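Biologist: I would like to learn how to read a model of protein chains with DNA. Where do we start?

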Number of protein chains: 2
Amino acid sequence: MVEITPRLSIGQVAERTGLSVHALRFYENEGLFLTPVRRGADGRRVYSEDDVAWLTVCIILRASDMPLPELRRYAGLVREGTGNEEERLALMREHEARVTGRIGRLTESLDLIRFKAAVYEDIVDQGSAAAHDCHGPSTAAEGEERSPVRRREVLAE
Amino acid sequence: MVEITPRLSIGQVAERTGLSVHALRFYENEGLFLTPVRRGADGRRVYSEDDVAWLTVCIILRASDMPLPELRRYAGLVREGTGNEEERLALMREHEARVTGRIGRLTESLDLIRFKAAVYEDIVDQGSAAAHDCHGPSTAAEGEERSPVRRREVLAE
DNA sequence: CTAGGAGCTAGACCCGGCTCTAGGTCAACT
DNA sequence: AGTTGACCTAGAGCCGGGTCTAGCTCCTAG
């Protein structure tokens, strides 16, 4: 007699998932659900826990910047049922590659960011230790290579 | 007699930086340069290597999703000259935190992505080893906790 | 002299991904 | 009876970050 799959209102789903009710309707419109969202007698949307489970997957994929069209395609594959796992795999692997690439580029950027921060920290520390004017390095440097953030091009300012 | 700071055209800067000429004008409009971009007698923009060096910094900050307003603010601080290193430091540290946060969330997402991929890979391998139908797990799972991507909520599909 | 190519400005447009509004239905309280 | 409050639809609006267009000025080469 326990409710096996409680029927959730859009508001409840919004609350649980952190998506807005607008976003939920929008996602539905975009074809991101696995099954057409059911309606109650009064025409209101009724969600199941399965919907919520799927949404949490969507949220994670979106959090890693999977574009909506690709998420839609993925939803389509899942909707089709078993048999297309190669395609799902390819899609996931592709996405994985994008995400690792993104992480890599962000990590590279962190080199510069931390380097800059360290430079400013030194100046600040120095300035507060002895209370005389800071003498910032204004020598500009040329940058040619760029992959593993070159020291010199990073120094100025 | 060597050109100490060669004068570059917008096209040359675009080529070197990978930014479009449009983007270069746009950035200028947005106040992202350290000094007003000089103009030749004919009214065309003339860039120095310093500009390019600064642009490469901008590009890295943008690559890590520093919003334009913040980049503008940073440019402003640098423009002001030495003396505001605490502010520059704070800005960089803040940005650093955002970037590490982002990397963390992406890395978390990777857990799910790889898990899914692994599931599909198993199915595909299994399917190709013995040529009988795949029996995908369609058992839906409820998801409550979510930080360290829970196993169960991830299984379905 | 004329055609191309690079630049110029101001401003329109685009894209992704929501977000919000207008105008309405319904059920539940007071 | 009236007021919330949650929901509905269709469609407009917004934001960030560019991108592109129109219509113009130059310079250079053929």
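Modeller: Start with how residues are sorted: Ala, Val, Leu, Ile, Met, Phe, Trp, Tyr, Cys and Pro count as nonpolar, Asp, Glu, Lys and Arg as charged, and the others, Gly among them, as polar. With that sorting, the surface near DNA strand C has 6 nonpolar, 5 polar and 6 charged residues. Keep in mind that this is a predicted model.

Biologist: Which residues come nearest to DNA strand C?

Modeller: A residue is near a strand if one of its heavy atoms lies within 4 Å of it. There are 17 residues around DNA strand C, and A:Arg62, B:Arg25, B:Arg39, B:Arg44 and B:Arg45 come nearest. Of the atoms of DNA strand C within 4 Å of the protein, sugar and phosphate make up 72%.

Biologist: Which side chains have polar atoms placed by its phosphate oxygens?

Modeller: For A:Ser20 the distance is 3.5 Å. Two or more residues of this surface come from each of helix H2 (21-29) and helix H4 (68-80) of chain A and helix H1 (10-17) of chain B. H2(A) gives the largest share, 3 residues.

Biologist: What surrounds DNA strand D?

Modeller: DNA strand D has 17 residues around it, the closest being A:Arg25, A:Arg39, A:Arg44, A:Arg45 and B:Arg62. Sugar or phosphate holds 70% of the atoms of DNA strand D within 4 Å of the protein, and bases hold the rest. B:Tyr27 has a polar side-chain atom 3.1 Å from a phosphate oxygen of DNA strand D. H2(B) gives the most to this surface, with 3 residues.

Biologist: Now the protein interface. How is its size expressed?

Modeller: The size of an interface is often given as the accessible area lost when the parts come together. Between chain B and chain A about 4600 Å² is buried, and carbon and sulfur atoms give 67% of that. On the chain B side, B:Leu106, B:Ile113 and B:Tyr120 supply 13% of the area buried against chain A, more than any other three residues. Each chain brings 47 residues to the contact.

Biologist: How many salt bridges are there between chain B and chain A?

Modeller: The count is 6. In one of these, A:Asp65 pairs with B:Arg102, and the closest N and O atoms are 2.4 Å apart. Helices H3 (49-63), H4 (68-80) and H5 (85-129) of chain B each give two or more residues to the side that touches chain A. H5(B) gives the most, with 25 residues. By class, that side of chain B has 24 nonpolar, 8 polar and 15 charged residues.

Biologist: How are the two copies related?

Modeller: Two copies of a chain are related by a rotation about an axis and a shift along it. Here a rotation of 180 degrees with 0.0 Å of shift superposes chain B on chain A, at an RMSD of 0.0 Å. The two copies are thus related as by a two-fold rotation axis. B:Ile103 comes closest to that axis among the residues of chain B, its C-alpha lying at 2.9 Å.

Definitions and conventions. Residues numbered from 1 in each chain as written. Chains lettered and ligands numbered in written order. Predicted model: local features only at pLDDT ≥ 70, side-chain atom pairs only at ≥ 80, totals over all residues. Heavy atoms only, no water. Polar contact = N/O pair within 3.5 Å; in protein donor to acceptor, adjacent residues only side chain to side chain. Helix = DSSP H or I, 4+ residues; strand = E, 2+ residues; numbered from the N terminus. Contact = heavy atoms within 4.5 Å. Buried area = accessible area lost by both parts, 1.4 Å probe. Salt bridge = Lys/Arg side-chain N within 4 Å of Asp/Glu carboxyl O. Least-squares fit on C-alpha atoms with pLDDT ≥ 70 in both.
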